Amino acid sequence: MEQISRKPPLSTLPLLLWLVFFLVVPCCLVLLLSFFRRGVYGGVVYDFTFDNYLRAFDFLYLRVAFNSVVMALVTAVSCAVIGFPMAYVMAVASKKVRAWLLLLVVIPFWTNFVVRAHAVKSILSDSGPINQVWEFCMGLLGSAVTPLYLGDSLLSLWVGMVSTYLPFMVIPIYVVLEKFDFQLLEAARDLGAKPLDVLLRILLPLGASGIRTGFIFVFTPALGEFVIPDMLGGSKILMIGNVISDQFLKTRDWPFGSTIALILIVAVLFSGYLFRKSGVMNATA
Amino acid sequence: MPPRRRVNHDGWLGTVRSVITLLGFLLLYAPLAVVILYSVFVKVGAAPRFWSFQGYQKVFENPDIVAAISRSLEIGVMTALIATPVGTLFSLGFVRNEFRFKGVMNALLSLPLLLPELLLGLALLLWFVMLKVTLGVWSITLAHVTFSVSYVVLTVRARLEGLDRQLEEAARDLGANRLQCLLKVTLPLLMPAIVAGALIAFTLSFDDFLVTFFTSGVGSDTLPLKLYSMVRYQPEAEVNALSTLTLLVTASLALAVNLVSGLKRR
């Protein structure tokens, strides 16, 4: 009953128009703006210039970019190290347990990251449970009670980032591992493979595509992240996302903000591309 | 045959695996548990924590917070009401026809999923300011529809592709016209996916921080924005109470999505 026509059907039109009007055009606007400059009182002066791009490669911004890259890398690697065993445990569990574990991983996926960052702050704060247990133990030992000062530290930043992005890593790995027939592992064992062999030569290569997808899912948003470092790093470490949002909301230098945002996107796309090409995962796995 | 448990197979490696898995779930849940606990065990001044609902009470007594909650609900409902029909309509046309530019459309559709939220937020801010749209509830809604509509399409399209076409053909053979077939056969069959899509759109909107951060302007804080500013300046009890409420809403929505899309497989 459906005829093959070459024109897109009418019913696809509303969404297409919407995406063009609220996605494509705004993104083009960012691109365009990056070649203009800021007026004296904010606003935009429309004369063509490359100055924004030259300014973006200033040492100051390179250092901020370096912070972001390190944070995103550490987050992605940590998520892979923690997420892989989790995904494996889920994949080999019985059907019923598996459904529950999956739900347990999906729910944090939906929790608001402001809530999560605040939660991490409370658990690690000086009046939080970990520190209280610590002080209690110190008291028992009879030594002077000094708090651990876990809040507003690199540790709290790490916990915040990893617990926010972990589901993004676990789910793609789980999806890949789930399809595997785990009885083949028994065969490998029967033939004399040691646990480490099974891990390094079967499971990791098997899950590599999932890890790669997860890595991109985590690395991409982590690179632009600035709210979590703001809330948990004690606002001491400036991220590239801070610079961008400040240019838009505080300094009101929109052309320069657009330029950094564009460079960030290009960097993300490029590293994703390199990552897929180079097979980094295969090498390290 | 279900795969055998191999806890005892792997020696120290198995232990490492269990420890890491436990650590992972602890990272995900321990902080949330502490917030929920502290929302009812309140600390005031230097006194030890005591059982109290004063945090919740203060949340509902604060008109700013109540306004933020109702604004978030309003935006979430509007987002779902716009994104669901637009996304469903698109899926119907997209799956059931062959035409040019299908690949381009697919790429366009996956753009909101791949684009960092930061970029979407600031691009829309520029665009709204240029169009002289007043930043507020409407600009936030427009932005939310833009990133959530793709999820609706993904959900509905998956169900549509798995649908038995013979059911529709049977209806047509029995004399139903296209509209009747759509309304009486296709849409009812799609309903679980449409409901799931609407719930997802609502949740994404309700949860969103970054895009809202850029497109909200002054004086139209949504719940996540309000929370963000409260974390710094408000007493802990209120923040914990509001966090717990937010968690409850999103967790029950996630459960609902899970339940509705579970119907899909049956």
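**Where chain A meets chain B**

Chain A and chain B bury about 8100 Å² between them, and carbon and sulfur atoms give 78% of that area. The model is a predicted one. Chain A brings 86 residues to the contact. Chain B brings 91 residues.

Charged pairing comes next. Between chain A and chain B there is 1 salt bridge. It joins the side chains of A:Asp230 and B:Arg232, at 4.0 Å from N to O. Polar contacts also cross the interface of chain A and chain B: 9 residue pairs make them, with both residues at pLDDT 80 or more.

Now look at chain A's side of this interface. Helix 1, residues 13-33, gives the most to it, with 15 residues. By residue type, the side of chain A that touches chain B has 61 nonpolar, 18 polar and 7 charged residues.

Turn next to helix 5 of chain A. This helix covers residues 113-124, which is 12 residues. From its first C-alpha to its last it reaches 16 Å. That is close to the 16 Å expected at 1.5 Å a residue. At the start of helix 5, a side-chain oxygen of A:Asn112 comes to within 2.8 Å of the backbone nitrogen of A:Val114.

How many of the 12 residues of helix 5 of chain A are buried? The count is 11, so the helix is largely enclosed by the rest of the structure. Among them are A:Phe113, A:Val114, A:Val120, A:Ile123 and A:Leu124. The buried residues of helix 5 also include A:Arg116, A:His118 and A:Ser122.

Terms used
Residues numbered from 1 in each chain as written. Chains lettered and ligands numbered in written order. Predicted model: local features only at pLDDT ≥ 70, side-chain atom pairs only at ≥ 80, totals over all residues. Heavy atoms only, no water. Contact = heavy atoms within 4.5 Å. Buried area = accessible area lost by both parts, 1.4 Å probe. Polar contact = N/O pair within 3.5 Å; in protein donor to acceptor, adjacent residues only side chain to side chain. Helix = DSSP H or I, 4+ residues; strand = E, 2+ residues; numbered from the N terminus. Nonpolar A, V, L, I, M, F, W, Y, C, P; charged D, E, K, R; others polar. Expected span 1.5 Å × (residues − 1). Buried < 20%, exposed > 50% of the residue type's maximum accessible area, 1.4 Å probe, protein only.
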